[in-house]
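Trainee: Could you take me closely through one part of this model, namely a salt bridge and the burial of its two partners?

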Amino acid sequence: MNSTDLAMDVELRYRQATGTPCVTRGPYLQSGAYNRIVIRWRTDTATDSRVRYGTDPNNLHQIADDATVTTEHEITLTGLTPSTRYYYSVGSSATVLSGGADHFFITAPLPGTRKKIRLWVLGDSGTGNKDVQDLRDSYLAYTDTVHTDLFVMLGDNAYKNGSDDEYQVALFEMFPTLLRQTVLWPAFGNHDAGNASSTTQTGVFYDIFTLPKNGEAGGVASGTEAYYAFNYGNIHFVCLNSHDIDRSTTGAMLTWLQNDLTANSADWTIAFWHHPPYTKGSHDSDVELQLIEMRQNAVPILESNGVDLVLTGHSHSYERSYLLNGHYGSSGTLTGTMILDNGDGRIDGNGAYTKPTLGPVPNQGAVYAVVGSSGHATGGPLNHPAMYISLNQIGGAVVDVDSNRLDFTFLDKTGARQDYFTIIKGSSDPGLPVELSTFYSKAGDGEITLFWVTQSELHNQGFEVFRSHTSQGPYRQIASFRTHPELEGAGNSNVSREYRFVDRFLINGKTYWYRLESVDFSGQRHRYGPIHLSPISLNTIPIDPGNVPERFALYPAFPNPFNSGTTLRFDLPSTRQPFHRVELTIHDVQGRRIRTLVSGNYAPGSYGAYWDGTDDRGTPVASGMFFYLLRTREWQSGGRM
Ligand SMILES: [Fe+2]
């Protein structure tokens, strides 16, 4: 035991003796998006949960709490600003347990934004041994001050059986700093199945990870953590389950995949899962069921929707293909027409792989990389004909995306570059017609205000606003610079400019999705968003959003009697109309109306309306008895307080 270990040991004993809780896992980051992130950690004794956060490391003035007393802490931060560095600490309402200058995360860029993005990709890294430590240290030296934006794991993240203890060693104690600063996006491997089931989403893998099943990080909601989509800047990611979920083309996963990719418009599409469609390593894609089914069923959907890069593991080797399209049979069926570019893909070699169009255009080629040697290299024939290169070497992959260019690098455990290639999409650098630094919305009573700020504009004619009732559309244009002067662009500008658009006559409590498009003088468009919000009056809050009550109800005021204020809760069921016209009023004992608390159109749902004890002019009323009356076209009810 060295002196640092000894100090930690003494510290731990001291804390246990004094009863101060101790963080035994994390903090670690999950399901990050441009406006939200999940922070998780574990303590040795149960406490409530508090995250303190802010953009100034010396002033974490924002707080997010969960009163549940637990050892497994999970806090979701929402309302965050895109591409922004936040510092944070974790602990309880009583104490900060873990924090400091190395506790930070950077929110994702707005979907559609083109900026430099770095991924670190490991497959089958779960051995927890010295090789992985070396790989980690050499990567950290390689990336140096370049922030790792995404940390991707391709499955078999903790050997032998994906148990909680094995995850503690192979993941949490192996990558503590990275997990504090970068969101981890894991795929499910066969060894993870030793302690988890994807059909029921139970067990260690599903307990440890919080994955975006509701589309909260972009893409179409999968409804399960077993497979999911997310956006990061101008990249759309899909993570599939190749092990213990139906892989048939008519199954739920591939049906969702088709829907998700149909709605996708990102510059780049990257897919990842565990079992490789092409490999002759420690596994053979010609004979093993999962590998064959993923190749025959998933790959055609991905290619026909313009996938650019597919990352897998499982074979404990590094195998990287040419630019391929249409190879769905066994290795013996590969023909020359399926290899769109048989060069090395290197700018200083045969030249980068090129795809004619930026964005998801069908069948323009994809590169398939098996990065399954991050924890061990166990050989095999390594002769799959689709591969440009096959190596029996421990390593991990670095993927850098910058606008229309993707650079892929395979680093061994000493940090030496063993392979690399580049993909360039579109004829030339598309540049940035408009650089947006902010795009957010604010809810009002029956209206939503959209704000955005441009840092620079190039040939920008103006903006158009599109709206939908779902994230995946269809989006309908609701305003254009051609008719709305406030949406006219600056042409060319290097100074920051603010824009604002108010969308009126909306239904309170209903969720609206918005996209923004800039249009340059040649008619070229660039898309931003989507972002979403529900309008609501200042003194009303939705309760249990998404849940629609079966009948009308008005509940007794709570608290009652009250000092500073009281809440009136009411339920609105679904009707043939898309909304209810609602009025909630407060009356004195003579029946005179003293306050109109709610007056507007509300979507079906449950709401709480807060009355602060003032009249319509804002003057506090004398204490006494009051009546409240809720009226809709079909129903009315009242009560006394
Ligand atoms: Fe595996």
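Mentor: Arg-50 is buried, at a relative accessible area of 16%, where buried means under 20% relative accessible area, exposed over 50%, and partly exposed in between, with a 1.4 Å probe and protein chains only. This is a predicted model, in which local features need pLDDT of at least 70 and side-chain atom pairs count only at pLDDT 80 or more, while totals for chains, interfaces and linings use all residues. Residues are numbered from 1 along each chain as its sequence is written, and side-chain values use heavy atoms, with hydrogens and water left out.

The partner of Arg-50 is Asp-65, and the closest N and O atoms of this salt bridge lie 2.6 Å apart; the term requires a side-chain nitrogen of Lys or Arg within 4 Å of a carboxyl oxygen of Asp or Glu. Asp-65, for its part, is partly exposed, with a relative accessible area of 43%. Glu-457 and Arg-497 also join their side chains in a salt bridge, at 3.6 Å from N to O, and this pair links distant parts of the chain, with Glu-457 in strand S26 (residues 447–468) and Arg-497 in strand S29 (residues 497–503), 40 residues apart; strands here are DSSP runs of E, at least two residues long, numbered from the N terminus. The structure holds 34 salt bridges, and a network of them links Glu-464, Arg-482, Glu-517, Arg-525 and Arg-527.

Notes: Helices (H or I, at least four residues) and strands (E, at least two) are DSSP runs, numbered from the N terminus.
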